[in-house]
Amino acid sequence: MRFVVAMMKHETNTFSPIRTDWRRFEEWGAYFGTDARRAYEGTAMPFGAYLKLAREVGAEVVTPVAAEAMPSGPVEKSAYEMMVAPILEAVRRGCDAAFLDLHGAMVAETTPDGEGTLLESIHAIAPDLPIAVTCDLHANLTEAMVRNSTALIGYKTYPHVDMEVVGEQVGRILLRALEGEIHPLMGWDRRPLLAQTLRMGTDDEPFKTLIGLAREEEAKGMLAATVFGGFPLADFADAGMSAICIADGDREAASTSARRLMETAWEQRQELLYRPEPLAEAVARAKAIAGGPVLLLDHADNVGSGGTEDVMTVIAEVLRQGLDDVAVAAVWDPAAVEQMAKAGVGANITLKLGGRTDMPSVKLPAAPLSITGRVRALTDGEWIVRGPMYTGVTVRMGPTAVLDTGTMQIVVVSRHHEPWDLGVFTSVGIDPRAKRYLLLKSRIHYRAGFAPLGRATITLDGEGVTTSDNSRLDYARVRRPILPIDRLNAPPGPRQ
Ligand SMILES: [Zn+2]
């Protein structure tokens with residue numbers, strides 16, 4: 001048997017001004033052929049799980065590409081083709097099954113449904129090819145994705161610490177189908193609801209219940225049951241919440257299960273939306289908490305959802321209110337890193353930090369913060385993840401510096417990086433456990449590494465292209481009506 005195993009991942013924030021060219025993929029990880037296999041073998045990724053399963057059944061494996069970029073604007077045509085072309089070529093050469101490690105919310109310049117279009121193209125070349133697909137919990141599921149795959153599953157955790165588990169689950173479904181043991185059939189459903197990523201943490205309600213119900217469907221006989229939170233920052237027709245189930249030989253049963261999951265989600269719709277709080281009030285609340293570390297989330301500039309990671313609004317407010325013993329991860333500013341590298345460790349320096357990027361989609365001009373401090377550390381920004389998410393993967397933040405203002409230590413990076421692992425601090429000599437406050441440009445993924453440390457968590461409503469306030473964003477392409485852009489009170493029928 002010959003398997004094609006490939007990874008193509010990007011969560012596209014159509015409001016983000018950050019370019020998504022091929023270089024963006026190379027910065028996080030872009031490999032072809034045997035290099036792809038070498039890079040992800042043994043990692044806790046779906047790609048790693050697929051390789052393990054292939055070895056188990058003694059299949060020959062072809063790995064045309066494994067590429068992922070941190071979230072940002074629409075994927076440029078050439079970058080999209082860099083990934084799609086080798087996958088299609090590998091399928092054209094002949095194979096018995098394809099195992100794909102995808103995201104599910106990729107918008108490319110040439111197609112708003114990056115994954116659906118890829119799967120459609122594969123299907124056109126090999127109409128009978130069995131295809132297993134893993135998607136992120138933030139996938140925006142489309143008809144094309146469902147119609148052109150055999151078994152599709154999503155992560156059940158946010159932060160995503162079960163990537164390998166779901167890879168193995170869907171991989172085994174496909175292997176059993178190849179043996180003729182089962183006949184996977186899928187049914188899906190959705191509701192017109194742009195749920196907020198801040199409300200999708202799977203340790204909190206209502207997602208805790210929704211994921212619990214999905215597990216119940218599996219316990220009752222579904223081969224797999226998935227609730228997708230969706231990605232509300234991708235302005236395209238199919239954005240929003242959905243559910244998909246896989247049943248053995250019974251599409252109707254799969255559809256019924258998916259509908260049940262979506263009915264509960266719709267009942268909980270108000271809990272899936274975000275309620276803002278004035279920034280100054282939230283910072284004052286943080287200041288009043290005794291002990292630490294207190295986790296402060298600058299979630300409107302969350303690089304893990306396409307944020308520019310250089311908005312200084314929240315940092316400025318925390319400095320203004322005089323919070324002490326704060327460590328920040330991270331501010332993206334390659335020019336500031338260069339300036340600090342020139343000055344050298346130990347030097348006192350005044351510089352304009354952050355605010356390098358204009359954000360026309362949220363009418364936010366670039367606004368750097370003038371700041372004085374001591375250069376405390378300079379590193380190459382490379383470290384290996386030891387925590388539970390992306391375990392074993394090498395992170396490359398690019399040339400990195402720490403600016404120490406006396407009350408605040410700011411990690412300044414040259415490549416966008418969402419802080420979800422302690423390594424972002426320990427790699428530059430900061431002990432996050434010993435800090436009073438950890439200010440993180442993150443939304444939920446910080447929990448993977450930081451939740452066990454946090455004495456309290458305060459979400460700070462700053463500014464940026466990952467704002468949780470949908471009214472700040474001009475949606476043009478998403479299907480209407482949809483919550484929370486439109487008022488919708490009557491329960492809609494299935495698949496809207
Ligand atoms: Zn995600």
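Analyst: A definition comes first: two strands pair if DSSP finds at least two bridges between them. Helices (H or I, at least four residues) and strands (E, at least two) are DSSP runs, numbered from the N terminus. This is a predicted model, in which local features need pLDDT of at least 70, side-chain atom pairs count only at pLDDT 80 or more, and totals for chains, interfaces and linings use all residues. Residues are numbered from 1 along each chain as its sequence is written, and side-chain values use heavy atoms, with hydrogens and water left out.

User: In what order do the 3 strands of the open antiparallel sheet lie?

Analyst: The edge strands, each pairing on one side only, are β8 (184–190) and β9 (224–228). β9 pairs with β10 (residues 242–248) in the antiparallel sense over 5 bridges. The order of the open sheet is β8-β10-β9.

User: What is the average twist from one strand to the next there?

Analyst: The angle is taken between axes, which are lines fitted to C-alpha atoms (for helices over the stretch in contact), and it runs from 0 to 180 degrees between N-to-C directions. From each strand to the next, the twist averages 15 degrees.

User: Which residue of β10 is the bridge partner of Phe228?

Analyst: β9 covers residues 224–228, and its antiparallel pairing with β10 has 5 bridges. The bridge partner of Phe228 in β10 is Ser242.

User: Are the residues on both faces of β19 buried or exposed?

Analyst: Buried means under 20% relative accessible area, exposed over 50%, and partly exposed in between (1.4 Å probe, protein chains only). In a regular strand the side chains alternate between the two faces of the sheet. In β19 (residues 437–440), Tyr437 and Leu439 lie on one side, Leu438 and Leu440 on the other, and all are buried.

User: Which residues of β19 are the bridge partners of Leu296 and Val326?

Analyst: β19 pairs in the parallel sense with β11 (residues 294–298) over 4 bridges. Its pairing with β12 (residues 326–332) is also parallel, over 4 bridges. The partner of Leu296 is Leu439, and that of Val326 is Tyr437.

User: How are α2 and α3 oriented to each other?

Analyst: Two packed helices are described by the angle between their axes and the distance between the axes. For α2 (residues 33–40) and α3 (residues 46–56) the angle is about 105 degrees and the axes are 9 Å apart. Angles under 35 degrees count as roughly parallel, over 145 as roughly antiparallel, 65 to 115 as roughly perpendicular and the rest as oblique. The two helices, α2 and α3, are therefore roughly perpendicular.

User: How far apart are the C-alpha atoms of Val4 and Leu51?

Analyst: Val4 lies in β1 (residues 2–9) and is buried, with a relative accessible area of 0%. Beyond four places in sequence, its contacts include Val62, Pro64 and Phe99. Val4 and Leu51 are 47 residues apart along the chain, and their C-alpha atoms are separated by 9.9 Å.

User: Which residue has its backbone nitrogen reached by the side chain of Asp404?

Analyst: Asp404, in β17 (residues 400–404), is buried at a relative accessible area of 11%. Leaving out residues up to four places away in sequence, Asp404 touches Gly373, Arg374, Arg376 and Gln409. At 2.9 Å, its side chain reaches the backbone nitrogen of Gly406.

User: What is the relative accessible area of Glu309, and what is that of Asp325?

Analyst: Most residues other than glycine have a negative phi, and most peptide bonds are trans. Glu309, in the loop between β11 and α11 (313–320), has a positive phi of about 60 degrees. Asp325, in the loop between α11 and β12, also has a positive phi of about 60 degrees. Glu309 is buried at 0%, while Asp325 is partly exposed at 28%.

User: What are the omega values of the cis bonds from Arg480 to Pro481 and from Leu483 to Pro484?

Analyst: Pro481 is found in the segment after β20 (456–460), and Pro484 is also in the segment after β20. For the cis bond from Arg480 to Pro481, omega is near -5 degrees; for the one from Leu483 to Pro484, omega is near 0 degrees.

Notes. Polar contact = N/O pair within 3.5 Å; in protein donor to acceptor, adjacent residues only side chain to side chain. Contact = heavy atoms within 4.5 Å.
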